[in-house]
Amino acid sequence: MIVAFHNQLDMTPLHWAVEKGHEECVRVLLFYGAKPNSISRFNKTPLSIAMEMNWTDIVHELQKANVLEATLSIQNLGTNGKNQFYFL
């Protein structure tokens, strides 16, 4: 399954599933690694589209995915298996 595909508008399958309100499709795409923070040429993310369309269940799914993605990113910050935080 190609979940990272971007068309000429930089919209992904996740953008389209959200825009059409296909909640189950959104879940499947997220499960297979679709990026919830992808930005289209219109400066829209799947979350911003869901909020505009008032798809509350989809908003919740995307928010959960964003938290999970952020958590995984933090866990992978360090080297040698250790997390490292730098403060400027």
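Predicted model: local features only at pLDDT ≥ 70, side-chain atom pairs only at ≥ 80, totals over all residues.

**Exercise 1: Arg-27 and its partners**

Arg-27 has a relative accessible area of 32% and is therefore partly exposed. Determine which residues form salt bridges with Arg-27, and where the partners lie.

Solution. 
1. Apply the cut-off: a side-chain nitrogen of Lys or Arg must be within 4 Å of a carboxyl oxygen of Asp or Glu.
2. Glu-24 meets the criterion, its closest N and O atoms with Arg-27 being 3.0 Å apart. Both residues belong to helix H2 and are 3 residues apart, about one turn of the helix.
3. Glu-61 also forms a salt bridge with Arg-27, at 3.4 Å from N to O. This pair links distant parts of the chain, with Glu-61 in helix H4 (residues 56-75) and Arg-27 in helix H2, 34 residues apart.

**Exercise 2: Lys-44**

Find the salt bridge between Lys-44 and Glu-52 and give its N to O distance.

Solution. 
1. The side chains of Lys-44 and Glu-52 meet at 2.4 Å, N to O.
2. Lys-44 is partly exposed, with 26% relative accessible area; Glu-52, at 53%, counts as exposed.
3. The count by the same cut-off comes to 5 salt bridges.

**Exercise 3: a nonpolar patch**

Which residues make the nonpolar surface patch of about 350 Å²?

Solution. 
1. The patch is made by Val-28, Phe-31 and Tyr-32.
2. Phe-31 lies in helix H2 (residues 23-31).
3. With a relative accessible area of 67%, Phe-31 is exposed.

Terms used
Residues numbered from 1 in each chain as written. Heavy atoms only, no water. Patch = residues over 30% accessible without salt bridge, like charges linked within 9 Å, V, L, I, M, F, W, Y side chains within 5 Å. Areas by Shrake-Rupley, 256 points an atom, 1.4 Å probe, with all protein chains shown as cover. Helix = DSSP H or I, 4+ residues; strand = E, 2+ residues; numbered from the N terminus. Buried < 20%, exposed > 50% of the residue type's maximum accessible area, 1.4 Å probe, protein only.
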